[in-house]
Structure formats: C-alpha cells, structure tokens
Amino acid sequence: MKLDQISSYCDKYPQEASNLSQVYLDLTTAKSWAEVKVKDIEPLQRCILLGRTSKSDTKMIIIVPCASNEIWTIEKITQLFSQLRTVPSLLLDCDPNNIKSITLAIAFPDSTVVYYKVHDGINPPSDN
Amino acid sequence: MESSKTNVQQPFKVNISKNNKAFIWDAETVNKLRKDRIIGSLIGSLPRYPLQNQLLGLPLSLMPEEVTLLLSKGIIVLIDDEKSHLLPTKSQIEEFEKNKTENEEQQLQDYLRFIKEKRSKFQSLKKNKLKKNDVKEIENITNNDNDHNEIDDSCSQQLRITEHESSLIKAFAPTITIKTSSNSFEWYNDKNYCFDSLEVARLAGLWTWPSTPKEKYKFNIYCDLWNRGYFITNGIKFGGDYLLYPGDPLRYHSHFIATIIDMNKELSPMDIITFGRMGTAVKKSYMLCSWDTNEDKAVYVCIEWAGY
C-alpha cells in the first residue's frame, strides 16, 4: 500500500499529515514520478520529499508540501532555506550548501496540488 | 528654433514641479541619461498625434528613486520649476505679443503666396492644354471656377481674385508653436533655484524623498538592483514595482518583475500562485524583494510556476 511509506511521518507530524499524503500520492500516482523519497527535517518540524521526474533526471527536486491556508513570509522562506542548509548531506543526497531552489507543493481541500518553484536569490526566467 | 547641437554636460537639469514630480525637458539629456542606465518615462502628448499614447514625447518623467540616485551621484541638479518662472514684465509681454503677431502675419503672407503660385501654375498648364484629370487636381487647390470663359476680362478676374483672397484670409488658421523648454523666455531664470545635493534640496523643501522608513528601504533595494547593472523601469504594466532589464529596454525584454515587500508581510499560497503564474505566463521571473534590517542587505526570492 503506497501510504505505508509515509504513515509513520503522518503520525509524527499530524498537522502536516494530510498535505504530505496528498502530495505524495499526487507525485507517485498522478504525476508518475520515477522516484519519491520522504525526508524528515526536524528543525522545520515537517517532512519534505525528494523526487526525480524520470529515470534520466540527475538532479533531485526538493518538494515542500504545504497547506492552501498556510501563511508564508519572506522571513519564513529564508529560514526554510537556511534550515535546509544545516541538514547533513547524506540525508538529502546532495550538497546542502548548494540548495538554491525548492518546489512548494500547495495542497487544496479538493485534492488539487499545484507546484511552484521558489528560488533563493535572483534567478532569471528559464525560457527568456 | 532652439539650437539642436548644444552638447549638454553633467550635471543635467531636472525640473521639480509644484506637485513634486521630476521632469526633464531636454531631449539630449534624456539620451545621455541612458548611459547611466536611467530610462525614465516619456509622458508628453505629441501635438500632431494627440489621440494615441503609444508614442509620447517630452517631458521625461523620473521616478523618485531615479532622482535621489542621480542627485546623490552629482549627475543632476534640481530646479525649482515654479520659482524659476518669474512674472513677465509689461515690456516682456508686449515684446512677446509683437513677435506673435509678426509671426502670424508672416505665416499668412507665406500661405497667400503659396496659393498665388499654385494659381499661376494652373493657368500655365491650362494654356498647355493638359488632360482634364491633371487639371482637375490643381483646380481643387486653387478653387478656380471651371464654368467661366477661358478668355476673361482681366478686370473682373482681378476682382474675383481679391474677393477670393479676403475669404482665404478670414479662413486662415495660423500654427501656434508652444516651446518645450522655458530656457528661451526672458522671464525664466533658474540660477537662484538650482540645488546640487540631497541635503540642500531637502533643506529647501524641494526634494524630500525618501522620508518614511518604507521609502528608505525601497530606495536601498532600488540602489542595490541598480548597482547590479540592471536597467530599471516602472513595473505597473505587470503589477509590480519595477521591471528589470538586462540591457537597454529598446533592445531587450525585461527578465524580472520586482515587487518590494516587508520581510514579515504575510503571503498566502494564493499570492504565490498569482505571482508565479503571471510571471511565467509573460516569460519573466516574479521577484519579491525585501530589506533585511538586521543584516542591512537586500533579500530576493524568485517565484516560478513548476510545470509538473
């Protein structure tokens, strides 16, 4: 059962349980990503997902599930990045100091999940 | 007509209007400021093309950030526009009216001469017996009556010409030229109302931007972006504070829509969706800018739609 992988994390962080499970299901079943791993980030008191869209992709994408009524501020975003950078590299499968962007996965009550990249710093548009 | 080769030098003159707006009325200055990556915005209607706003002319309007930056670098000086325009004296007014009347009279004489030349051209063409179509074109210009006998009594012809001329004079509308710059007027003198630094301008009460804490950190962020080499213009067309270009806006599309917000401004996920979707739809990156007062530096966060 797909949700077995994340059930322990849902128990640990009950506030984040519905967001985490919604995004996890969306990525694994609806978006059919090749690889999705759950990582517990204690300093943030939430879990993030590390994923790869297809087998050929080299870079792991950091997905941060969040609720549709969660309030963000620039302060909170910069803290998110600085906390992620303190995580040991083994946990994240990449050099934490190099983390320049994350993908915010916003989960809605009607089961819609939308993904928005948040870059730390000045990042030119990719298709200009 | 003012000389077009004045070779204006720094510091450039920027006129501050009574309602604290900064305008540049000289085309050469507008051009030279582009070298300092200051673009501004042309806001003047073109007299010959009034019912459009795709192409506008002088004056150039500067953002408060641009004025403060340029003034702090000594590239511009500020002129108190209201005080520089003195009340004209009686003799100055008389001189002005006299020149105006002379100019209008000259225009009228030029116009009448033009009509006379056309008429004589028509007469000579008629004598050469050109095709009726060619003649018709010149007829419309000279308003000549075609039904009249070709061999006319010279006296009655003269009378008709005089009547015609008086109706032309009545109908004539002279062109009135309104000068773009006030420099040529004798009652304009900006020497005593010229301010070359932020402190001096602030003391005089002419230019006090930035004054609130929000304006101050908005200026800090603007300077930081300018120092990074961007060309910055107003971002109202895309719902932001600024648009950032990697080069001259005449050559490039903007890469960023920059909006300045407080570090603790609450953003809902809907806001993030709004910024991200809009930025990506117009091939730009939506950049949220904030000033970190603790570390005294600018913080930037870019939002992009992820197409998963």
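Predicted model: local features only at pLDDT ≥ 70, side-chain atom pairs only at ≥ 80, totals over all residues.

I began with the handedness: α2(B) and α8(B) cross in a right-handed way.

Which residues make the contact? From α2(B) I noted B:E65, B:E66, B:T68 and B:L69, and from α8(B) I noted B:K218, B:F219, B:Y222, B:C223 and B:W226. Sorting the residues of this contact gave me five nonpolar, one polar and three charged.

Next I looked up the geometry. Helix α2 of chain B covers residues 64–72, helix α8 of chain B covers residues 213–227, and their axes come within 10 Å and cross at roughly 70 degrees. Angles of 65 to 115 degrees count as roughly perpendicular, so α2(B) is roughly perpendicular to α8(B).

**The annotated residues**

Then I turned to the UniProt record. Its unreviewed entry lists B:Y245, B:H253 and B:K284 under "active site". How far apart in space are they? They are spread over 40 residues of sequence, yet they cluster, with a largest C-alpha distance of 10.3 Å. I also found B:Y245, B:H253 and B:K284 in the lining of the second largest pocket. As for B:Y245, I located it in strand β8 of chain B, residues 242–245.

**The annotated domain**

My last entry is also from UniProt: the unreviewed entry places "domain: tRNA intron endonuclease catalytic" at residues 218–296 of chain B. Over that stretch I read 29% helix and 27% strand, and the end C-alpha atoms are 13 Å apart.

Note on methods: Residues numbered from 1 in each chain as written. Chains lettered and ligands numbered in written order. Heavy atoms only, no water. Axes fitted to C-alpha atoms, helices over the stretch in contact; angles between N-to-C directions. Helix = DSSP H or I, 4+ residues; strand = E, 2+ residues; numbered from the N terminus. Parallel < 35°, antiparallel > 145°, perpendicular 65-115°, else oblique. Left-handed = near helix turned anticlockwise from the far one by under 90°. Contact = heavy atoms within 4.5 Å. Nonpolar A, V, L, I, M, F, W, Y, C, P; charged D, E, K, R; others polar. UniProt positions renumbered as here; feature names shortened; annotations may be inferred. 1 Å grid on protein atoms, 1.4 Å probe; cavity = no way out; pocket = protein on both sides within 12 Å on 5 of 7 lines; lining within 4 Å.
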